[in-house]
Amino acid sequence: MNAPREAFLHDKLQALQAQADEFIAVRRDIHKHPEMGYKEYRTSDLVAEQLAAWGYQVTRGLGGTGVVGQLKRGTGDKAIGLRADMDALPLTEFNECTWKSGTPGLMHGCGHDGHTAMLMGAARYLAETRRFDGTAVLIFQPGEEGYAGARAMMQDGLFERFPCEKVFAQHNAPDVPLGVVGVTPGPMQAAVDRIEIRIHGKGGHGARPHQAVDPVLVAGHIITAAQSVVARNLSAFDQAVVSICSMQGGHPGAMSVIPGEVTLVGTVRTYSETVQQQIEDRLKALCSGVAQGFGATAEVVYERVYPATVNTVPEANFAADVATHLVGADKVWRNMTPSMGGEDFSFMLQVKPGAYLRIGQGLPHGPGPHPLHNSRYDFNDDILPLGAALHASLVEQALQQD
């Protein structure tokens with residue numbers, strides 16, 4: 001990029017900072033009115049009405065409550081997609097701010113309110129300036145939190161109806177210093193799998209365990225043994241996590257009743273399909289073998305929820321270059337450590353080149369006070385102008401005017 005273009009990028013950031021109060025108000029309004037996946041009726045109404053007012057061609061209903069806005073400029077035939085998620089979490093908020101969730105048991109604990117506001121900020125800027133040649137496709141997606149809303153939009157013909165050459169998304173990062181933009185060529189987020197282990201024994205009296213086959217005991221051994229799958233079956237150079245996060249069996253009020261069945265639920269995180277399959281196979285064999293050794297049986301239900309989020313190398317490098325001219329090379333992490341968190345933007349990256357970026361919203365030199373999915377988490381409004389500028393810049397630089 002030449003010097004005039006670099007100055008133009010800085011001017012964009014300043015222009016969006018001047019509009020920050022407006023989009024802070026939008027973000028906090030969305031935060032106060034959280035909605036679960038596929039029920040983002042109020043949020044999608046707000047998005048659609050604003051996009052239409054700014055001159056976008058608006059399409060609703062993809063993936064249920066998804067919204068797509070198109071803005072064409074010039075004669076270029078290329079299109080760039082930008083995606084933001086809109087849904088909240090089933091979590092009770094413990095913050096005391098004036099924009100605290102007004103819906104009991106729901107809160108924006110992952111910052112999707114901020115992601116929506118950032119893309120709306122970019123939408124307004126692109127509509128007012130129109131400094132690109134081609135089509136900007138703005139994708140407001142429902143149901144990211146475990147509902148695979150990206151896949152649902154694609155099943156409704158997202159990329160057939162709105163062809164995109166490339167697609168980009170951003171996520172806030174409370175554990176990254178404020179204003180840092182991170183991206184990695186290759187794997188960025190892990191595949192998300194759900195495991196359910198059903199252990200069948202024989203119920204009985206707690207005073208006469210020899211007459212029963214105790215599935216609680218079997219569950220304890222399986223929980224311990226499951227940790228050997230990564231530690232003793234994978235190469236030290238392969239990255240994976242196996243976590244058992246829930247155990248259900250018996251009744252707290254029945255202290256002397258050995259239950260007949262126990263269910264364990266957990267998650268597996270990997271980057272490689274080969275490693276993913278290896279863990280699935282090993283878990284099934286291990287659980288069956290451990291249970292058999294105690295005279296019980298065990299079955300493993302292994303559900304592949306989200307694939308790994310893998311950035312294409314040219315698009316990751318392109319996004320890093322754009323970010324560098326916005327915030328400077330010292331605030332761009334070009335080889336950010338991948339996360340074991342999951343992201344359904346992975347479905348879009350399976351069919352389109354693109355990149356998933358993270359924007360630091362922590363303290364200036366370190367992590368913020370509360371992580372994602374914490375009941376005291378809140379989106380840091382200071383990064384709204386930067387997120388909007390980065391979205392807009394990706395479109396402008398990918399669809400440059402002569």
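Helices here are DSSP runs of H or I with at least four residues, strands are runs of E with at least two, and both are numbered from the N terminus. This is a predicted model, so local features need pLDDT of at least 70 and side-chain atom pairs count only at pLDDT 80 or more, while totals for chains, interfaces and linings use all residues. Residues are numbered from 1 along each chain as its sequence is written, and side-chain values use heavy atoms, with hydrogens and water left out.

Asp11 is partly exposed, at a relative accessible area of 46%. On that scale, buried means under 20%, exposed means over 50%, and partly exposed is in between, with a 1.4 Å probe and protein chains only. Between the C-alpha atoms of Asp11 and Gln350 there are 35 Å, and along the chain the two are 339 residues apart.

Moving on, Tyr38 lies in the loop between H2 and helix H3 (41-53). Its phi is positive, about 70°, although Tyr38 is not a glycine. With 27% relative accessibility, Tyr38 counts as partly exposed.

His108 is in another loop, the one between strand S3 (79-85) and H4. His108 is buried, with a relative accessible area of 1%. Leaving out residues up to four places away in sequence, His108 touches Ile30, His31, Pro34, Met86, Asp87, Ala88, Asp113 and Tyr377, where contact means heavy atoms within 4.5 Å.

The 12 residues of H7 should span 16 Å at 1.5 Å a residue, and its end C-alpha atoms are 16 Å apart, which agrees; the expected span is 1.5 Å times one less than the number of residues. In H7, Pro215, Val218, Ala219, Ile222, Ala225 and Ala226 are buried. These cover an arc of only 130° around the axis, which puts them on the same side of H7; the arc is that of the directions from the helix axis to the C-beta atoms. Where H7 starts, a side-chain oxygen of Asp214 comes to within 2.9 Å of the backbone nitrogen of Val216.

Helix H9 (residues 273-293) has 21 residues and reaches 30 Å from its first C-alpha to its last, close to the expected 30 Å. Its buried residues are Val275, Gln276, Ile279, Glu280, Leu283, Leu286, Cys287, Val290 and Ala291. Down the axis of H9 they fall within an arc of 145°, so they line one face of the helix. What do they pack against? The partners are strand S8 (191-200), helix H7 (215-226), helix H8 (228-233), strand S10 (240-249), strand S12 (261-270) and strand S13 (297-306). The face of H9 turned away from the buried side carries the exposed residues Glu273, Thr274, Gln292 and Gly293. At the start of H9, a side-chain oxygen of Ser272 reaches to within 3.1 Å of the backbone nitrogen of Thr274. After H9 comes Gly295, with a positive phi near 85°.

Further along, Glu315 belongs to helix H10 (residues 313-327). Glu315 is buried, at 9% relative accessible area.

The largest pocket holds about 780 Å³. A pocket, on a 1 Å grid over the protein atoms alone, is an open set of points with protein on both sides within 12 Å along at least five of seven lines, and a cavity is a set where a 1.4 Å probe fits but cannot get out; lining residues have an atom within 4 Å of a point. Grid points are joined across faces, edges and corners, and a volume is the space filled by probe spheres set on the points. The largest pocket has 38 lining residues, with Glu145, Arg269, Gly341, Gly342 and His373 nearest its centre. S12 gives the most to this lining, four residues. His373 is found in the loop between S16 and H12 and is partly exposed, at 43%.

Conventions:
Polar contact = N/O pair within 3.5 Å; in protein donor to acceptor, adjacent residues only side chain to side chain.
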